[in-house]
Amino acid sequence: MSFPPVKEQLDRIIRNTVEVISEEELEQKLTRSFETRTPLKIKLGADPSRPDLHLGHSVVLQKLRDFQDLGHEAILIIGDFTAMIGDPSGKSTTRPQLTAEEAKENGRTYFDQASKILDRKKTTIRYNADWLGQMTFNDVIRLSSHYTVARMLERDDFEKRYRSREPISIHEFLYPLAQGMDSVHLRNDIELGGTDQKFNLLVGRDLQREYGIHPQVCITMPLLVGTFGQDKMSKSLGNAICFNDTPEDIYGRVLSIPDDLIETYFTLLLPTPERSPESFREMIKESPREAKRTLAKEIVSFFHSGDLAVKAEDHFDRVFVHKKAPLEIEEFAFSASSIPLVDLLVALKAVNSKTEARRLISQNAVQIDDTKISDINFEVTLDQESKTIKAGKRKFFNVVLKKDL
RNA sequence: GGGUAGGUAGCGAAGCGGUCAAACGCAACAGACUGUAAAUCUGUCGACAUAUGUCUUCGGAGGUUCGAAUCCUCCCCUACCCA
């Protein structure tokens with residue numbers, strides 16, 4: 001095994017990071033690895049209770065990929081153990097409790113999606129229930145004695161919750177320790193995470209030291225801002241773009257980001273660009289519109305393909321710029337030849353209730369074959385010719401009369 | 001174990017016997033506008049029926065009242081203080 005020169009590795013590793021704790025140690029580890037021709041072990045934790053990966057995950061996954069490209073070993077830890085415990089503090093919706101099978105299954109889905117970025121063959125998957133599940137109560141108490149309540153409360157979100165008098169369960173204090181135990185068990189050299197993981201990463205570092213292991217270097221990556229430009233990207237905030245979204249969705253959502261986010265997205269989301277940062281800064285200045293379209297297309301190409309990116313762009317122009325129906329619309333057949341529009345919309349699941357259907361119609365949001373319908377009591381006559389129903393901005397359906405058999 | 005303050009629609013937060021399907025903000029949805037699914041402005045935002053009608057909601061279960069989110073009883077949950 002041979003590696004690129006240490007300096008070259010360092011440059012690539014440090015690109016886009018927020019913090020490396022510490023750079024000196026990183027350099028030492030790289031040097032030792034270079035001299036002994038031993039790959040470093042890089043750890044990244046995955047939460048299987050949320051198996052839908054979005055662009056925010058991609059930032060840190062790309063960093064892991066950097067390490068793989070440099071010849072190091074990527075270890076993806078699926079946190080199935082903690083996911084099985086869940087969160088009994090009444091907020092079970094935020095952290096659902098999973099069965100062992102679900103956790104395994106979600107772990108697989110996670111890995112499948114992550115493979116869009118990682119080199120599948122060079123990735124080791126470990127499930128932390130394998131070792132955390134073996135620990136006895138004794139072990140846990142011994143582990144807990146390494147940390148104090150005051151130090152736990154240093155963590156930003158604990159402190160905030162404590163101050164604003166929101167509940168914190170004891171077991172939540174154990175999560176960082178459990179994650180730290182992963183590092184003790186794996187003896188990894190480096191751990192990656194978003195800036196929100198800094199505390200947890202440091203706990204791992206401390207614990208390794210306590211257990212007589214070379215402490216890991218902690219590398220934090222920026223949290224990607226979501227499509228509304230305010231908070232970090234997160235599924236529950238609805239501002240996320242997911243790996244599994246359709247090309248059309250990804251394209252459209254990227255276009256909807258605020259202009260001042262374009263540059264960030266370029267730097268964080270596209271793999272080591274041939275372009276210099278100056279070149280796309282120039283491009284953005286010249287035409288934000290074109291820059292964003294390029295960005296959107298490249299992101300779609302990355303997650304799907306170039307062809308689909310072109311298609312997605314066409315679709316977008318067609319539906320949103322020119323306000324025409326998309327080329328491909330799902331078709332639904334009905335056996336009744338005449339059906340109230342309100343009932344039809346419910347049957348198509350375009351709306352959740354008849355009241356909502358009426359609301360849409362009275363707001364001029366429903367069209368049949370490009371004709372706006374504003375009569376709540378409108379009856380749709382179906383025949384063999386398919387009719388195109390548009391409900392709101394984005395929902396299109398073709399409806400036909402079911403053929404007699 | 002004792003005390004205090006609380007639990008209201010997806011979230012945050014008013015209401016404290018009728019005029020409450022419940023103010024307001026955020027989110028969501030629609031219309032206008034736009035390079036955009038952004039921003040902005042306007043409207044909608046429990047369900048069913050559609051003429052100002054009916055039904056189910058304000059932690060849970062009972063009760064008082066012509067009438068309760070609002071009062072009483074018990075229970076569950078959360079925060080803080082005291083032990």
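The model on screen is a predicted one. A search of the whole structure finds six aromatic pairs.

**A pair between two helices**

Next, select Phe-158 and Phe-173. Their rings make an edge-to-face pair, with 5.1 Å from centre to centre and 75° between the planes. Colour helix H9 (residues 156-163), which holds Phe-158, and helix H10 (residues 170-186), which holds Phe-173; the pair therefore ties together parts that are 15 residues apart in sequence.

The charged end of Arg-155 sits over the ring of Phe-158, 4.2 Å from its centre. For another arrangement of this kind, go to Lys-104 and Tyr-127: the charged end of Lys-104 sits over the tyrosine ring, 4.1 Å from the ring centre.

**Leu-132**

Select helix H6 (residues 129-132), where Leu-132 is found. Leu-132 has a relative accessibility of 5% and so counts as buried, the cut-off being under 20%. Show its surroundings: with neighbours up to four places away in sequence left aside, Leu-132 is in contact with Phe-81, Ala-178, Met-181 and Asp-182. Now draw a distance from the C-alpha atom of Leu-132 to that of Leu-237. The two residues are 105 apart along the chain, and the separation of these atoms is 31 Å.

**The five-stranded sheet**

Switch to a cartoon view and find the open sheet of five strands. Its order is S7-S13-S12-S9-S10, and the pairing is mixed. The edges are S7 and strand S10 (371-372), each of which pairs on one side only.

Select strand S13 (residues 395-401). How many of its seven residues are buried? Six are, and the strand is mostly covered. Strand S13 can be followed to two partners:

- Strand S7 (residues 331-334) pairs with S13 in the parallel sense, over four bridges. Select Phe-334 and look across to Leu-401 in S13, which stands opposite.
- Strand S12 (residues 387-391) runs antiparallel to S13, and five bridges join the two. Here Ile-389 has Phe-397 of S13 as its bridge partner.

Then trace the chain from S12 into S13. These strands form a hairpin with three residues between them, and Gly-392 in the turn has a positive phi of about 75°.

**The RNA strand**

Display RNA strand B and select the protein residues around it. There are 30 of them, and the closest are Leu-255, Ser-256, Thr-355, Arg-358 and Arg-359. Which parts of the RNA face the protein?

- Arg-359: a polar side-chain atom lies 3.0 Å from a sugar or linking oxygen of RNA strand B.
- Lys-393: a backbone N or O atom lies 3.1 Å from a phosphate oxygen of RNA strand B.

Now colour the helices around the RNA. Helix H12 (247-255), helix H15 (288-303), H16 and helix H18 (354-362) each supply at least two residues of the surface near RNA strand B. Which helix gives the largest share? H18 does, with five residues.

**Asp-317**

Stay with helix H16 (residues 306-321) and select Asp-317, which lies in it. Asp-317 has a relative accessible area of 17%. Residues under 20% count as buried, so Asp-317 is buried. Apart from its neighbours within four places in sequence, Asp-317 is in contact with Arg-293 and His-322.

**The whole chain**

Finally, zoom out to chain A. The cartoon has 18 helices and 13 strands. Along its principal axes the C-alpha trace spans about 75 × 50 × 45 Å. Of the chain's 405 residues, 45% count as buried. Among contacts in chain A with a separation of 6 or more, residues 24 or more positions apart account for 69%.

Technical notes:
Residues are numbered from 1 along each chain as its sequence is written. Chains are lettered from A and ligands numbered from 1 in the order in which they are written. This is a predicted model: local features need pLDDT of at least 70, side-chain atom pairs count only at pLDDT 80 or more; totals for chains, interfaces and linings use all residues. Side-chain values use heavy atoms; hydrogens and water are left out. Buried means under 20% relative accessible area, exposed over 50%, partly exposed in between (1.4 Å probe, protein chains only). Two strands pair if DSSP finds at least two bridges between them. Rings of Phe, Tyr and Trp (its six-membered ring) pair if their centres lie within 6.5 Å; planes under 30 degrees apart count as stacked, over 60 as edge-to-face and the rest as tilted. A charge sits over a ring if NZ of Lys or CZ of Arg is within 6 Å of the ring centre and within 35 degrees of the ring normal. Contact means heavy atoms within 4.5 Å. A residue is near a molecule or strand if one of its heavy atoms lies within 4 Å of it. A polar contact is a pair of N or O atoms within 3.5 Å; within protein, one must be able to donate a hydrogen and the other to accept it, and residues adjacent in sequence count only if both atoms are side-chain atoms.
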